[in-house]
Amino acid sequence: GYVVSVPKRSLDAVPIQIVCQNSIFNGKKGCDEFEALHLWQKALQVVEFAKNRPPNTTKYQQNFCLLLKEVLTSSPHLFTKDEKKFIESFTSLSEDSQRLFVRLYTRKGPWFRLSTIMYPEICNPQQAVKELSATGYLCLFEDTTKLHDDEMKDLLSLLTVSELRDILCTLRKKCNQGSRKQNLIASLLSCYKGGSCPVLQRLILERTEICIRTSPEAESLFWRAERLFFLNGEQDLSAFLLVDLRIVKYPTYNCIILEQIFSNESDLLAYEEVLISLYLIVPVEILLPFATYNCNVLQAIEVAQVIDQSLDENNFELVLRCIMIADSRISCCPEKLIDSTSPDLMAIFQSCFSASWVYSKVILLGISFLECERSPLKVISPYLYSGYALDLSVEPRYKDAIHLLRRLLDCFTCDTRRGYWTVRLSVDLEHIGCPNESLSVAEAGLLDPWVRAGSRMALQRRVLRLAKPPRRWKTPSFSESLKRKIIEVYIQGRPLNCEAGRKSRFYGEDGEQCGVEQLALQYYAREGGWQGVHTESGIWMTIFGLLMWDILLSDVPNVFRTRFQTAPLDMETDHFYLARKSLIEPHLQKIHDGLAEEILITSWELHMGTACRGVNWDQHSLSDLRAAVSCIRGPCLASLCRHLAQDYGSWSSGMPDLLLWRFHGDYKGEAKLVEVKGPRDQLSEQQRAWLLLLMDCGFNAEVCKVSTTGISP
């Protein structure tokens, strides 16, 4: 083939003529029909692709327009009339303007020097800037209008070190040749804040010339559209790029949407009733980046981002302010999504999209902070909570943590996190010298159907320890199950280091350095001819994902809402099993009957490389997975998969470190699961719960303890 003519613009369609040359075939001159047919099929594929891609459109521009279109189609009720008009106007902009806006929106700014804006696909950036500025998509810095301190700092960061030094010299300020850029900026900023440098803006503009940034209104509106499109805070427009470059391949499923997550505008928009309190609590410099966001859920996400940043920066006073915001917000959010009387389990898995759920995450971060905090803090008010005085002592602030834990348990009555909250509450009450109340909390927690797995075992063990005469005279019914013996194996290792607080390292049997898990693998290979992997939960999540692939992606309403999901939204909730029970149980029967290896091979061959929750294509080979599955008896594997399907959130972590297998002859084999502990390690409650569960399922499970003495206690 060859190009018929050269297009005038770089992004115009290129006309190509395909020619099939004559060749000698069986002594006759002619055209190979197979080759011609193959070329024609390729040409048709190109034409079909071009139909779905408007001419002169770059891929990132097309993706952005697609995102806006789908959000407006699926959630028009979540935008005001003016907001919808603004979003719809984007497609009316010129090609250059659309590309420039998307480029700037996805870059880290906020300000950019117009003189440095150069993209090969944008023919006239200056004209694009004028159009975007006139339509409200861009802001320009081209005069000496008074700027906020943060904006001034951002503009100063656009200057080079030599330009910053030049300005300091012009102002006759002291300037060390070795000063770093941040020091130079701080020096100029202090002059600006002090009012001694009114000409600073003019000096900056003389060097940068026109500077541009996306307008706060456009940025907040399109950020909201992104969140509605992806339904999480992790994915952004780069997800399109990863798919286009074939780095990530998402699974195929049907999006059956019968119910909106945000049913009306009041669910997402208009948080004016708490906006005043936000201004009173959070400093203006923290509030400004999201002051234009007028929606409860997005505001909650912003508060979560602020507390993360504050913890990283050790800004403890701001951490307390974020805790106060979250506490006040969940107290005034009577949302149906956290109503324990609702029989609709779908409402529970959708609750993570509520502002209250996000605020609960903020409070949980605050609880961890308060339980560890030992620094006295200056607080803006002696009472952060209604009727509850904050303890400002230098000891861990358990009373404050207890107050917040009770708030969470009162507000979120249908939540699998209740187990962790209850354990923390019981522990903190014991810390402040209230063992009777601690015991009562633990006993009440054991009656809570939402307290499961390791948390349930932790509460049982606390009850056994605290419920001794005269507090309690009757032995709990679960005491015998907790006393079950878990097989322990002791091996000796030659230590490389024995320092407290550092991960134990040993010399392996080959003389190389290794961890306790690798040392255990070498021991089992030598003593019993076991093969295996150190994987913890990884290999099990991969096996579960491959065996249950069709179940995970089955047609269930409202659990698939975007094209970029790796699992249904309800996967970690009770809704997952109950909504698919008629599909899951017959499938588990096949696994029970010994068809697991066949299902695994078929799933691997059909879906190799496709992203799916829990499945790690790179870490585990098909041969290892086949060996593991074939050595595990069908009833054991079916029982394990059932537990994961019923409560994936509680059981997807904490599994034993090693999965071992060995064959007896060509077909028969056995498997063993081993939790490995170093000299100073103890089993966590989740690990203990897993080992007992595996034993109940029929697995051969044990604990391998590595010591430096080789003596069993």
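Author: Contact means heavy atoms within 4.5 Å. Leaving aside neighbours within four places in sequence, leucine 637 is in contact with several residues, among them Trp540, Ile591 and Phe699. This is a predicted model, in which local features need pLDDT of at least 70 and side-chain atom pairs count only at pLDDT 80 or more, while totals for chains, interfaces and linings use all residues. Residues are numbered from 1 along each chain as its sequence is written, and side-chain values use heavy atoms, with hydrogens and water left out.

Reader: What makes phenylalanine 222 buried rather than exposed?

Author: Buried means under 20% relative accessible area, exposed over 50%, and partly exposed in between (1.4 Å probe, protein chains only). Phenylalanine 222 has a relative accessible area of 1%, so the residue is buried.

Reader: Why is the pair of phenylalanine 86 and phenylalanine 222 called tilted?

Author: Rings of Phe, Tyr and Trp (its six-membered ring) pair if their centres lie within 6.5 Å; planes under 30 degrees apart count as stacked, over 60 as edge-to-face and the rest as tilted. A search of the whole structure finds 30 aromatic pairs. For phenylalanine 86 and phenylalanine 222, the centres are 6.2 Å apart and the planes stand at 35 degrees, so the pair is tilted.

Reader: Why is the pair of tyrosine 137 and phenylalanine 222 called stacked?

Author: The ring centres of tyrosine 137 and phenylalanine 222 are 6.1 Å apart and the planes are at 15 degrees, so this pair is stacked. Ring pairs link both residues into a cluster that includes Phe64, Phe86 and Phe101.
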